[in-house]
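Subject: Handover of a structure

Dear colleague,

Please find the structure below, followed by an account of what was found in it.

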Amino acid sequence: MSDGASRRIAMCSEAKEALARQGSIALAGPFVDEAVENAETWGKPLGLATAYVDRAGYRAAIGRSEGGLDKAEGEKHDV
């Protein structure tokens, strides 16, 4: 799933950015969720970091930042 997962994460990230540029960031939720799901399935640090940073940025942009730090601290991944 390596190459496919990284491409899906990148496409979801770009879709989120495109919506943000158009002033429609609130519509990006499904893309952010899909990126996180793919990253967690893939399990590679780069994918996880990319997806989690995008999710944090999305949540901050829509004014919903609760739960981010708690979830990040609760997850342990081998690097």
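Predicted model: local features only at pLDDT ≥ 70, side-chain atom pairs only at ≥ 80, totals over all residues.

Glu 14 is partly exposed, with a relative accessibility of 43% (buried means under 20% relative accessible area, exposed over 50%, partly exposed in between, with a 1.4 Å probe and protein chains only). Its side chain meets that of Arg 21 in a salt bridge (2.9 Å, N to O), and Arg 21 is exposed at 59%. A salt bridge here is a side-chain nitrogen of Lys or Arg within 4 Å of a carboxyl oxygen of Asp or Glu.

Residues are numbered from 1 along each chain as its sequence is written, and side-chain values use heavy atoms, without hydrogens and water. The mean pLDDT of the protein is 86.

The whole structure holds 4 salt bridges. Lys 16, Glu 17 and Asp 54 form a network of them. Lys 16 is buried at 6% relative accessibility, as is Asp 54 at 14%. The closest N and O atoms of Lys 16 and Asp 54 are 3.8 Å apart. Lys 16 lies in helix H1 and Asp 54 in helix H3, so this pair ties together parts 38 residues apart in sequence. Helices are DSSP runs (H or I, at least four residues), numbered from the N terminus.

Just after helix H2, Gly 43 takes a positive phi of about 80°.

With kind regards

Methods. pLDDT = per-residue confidence, 0-100. Helix = DSSP H or I, 4+ residues; strand = E, 2+ residues; numbered from the N terminus.
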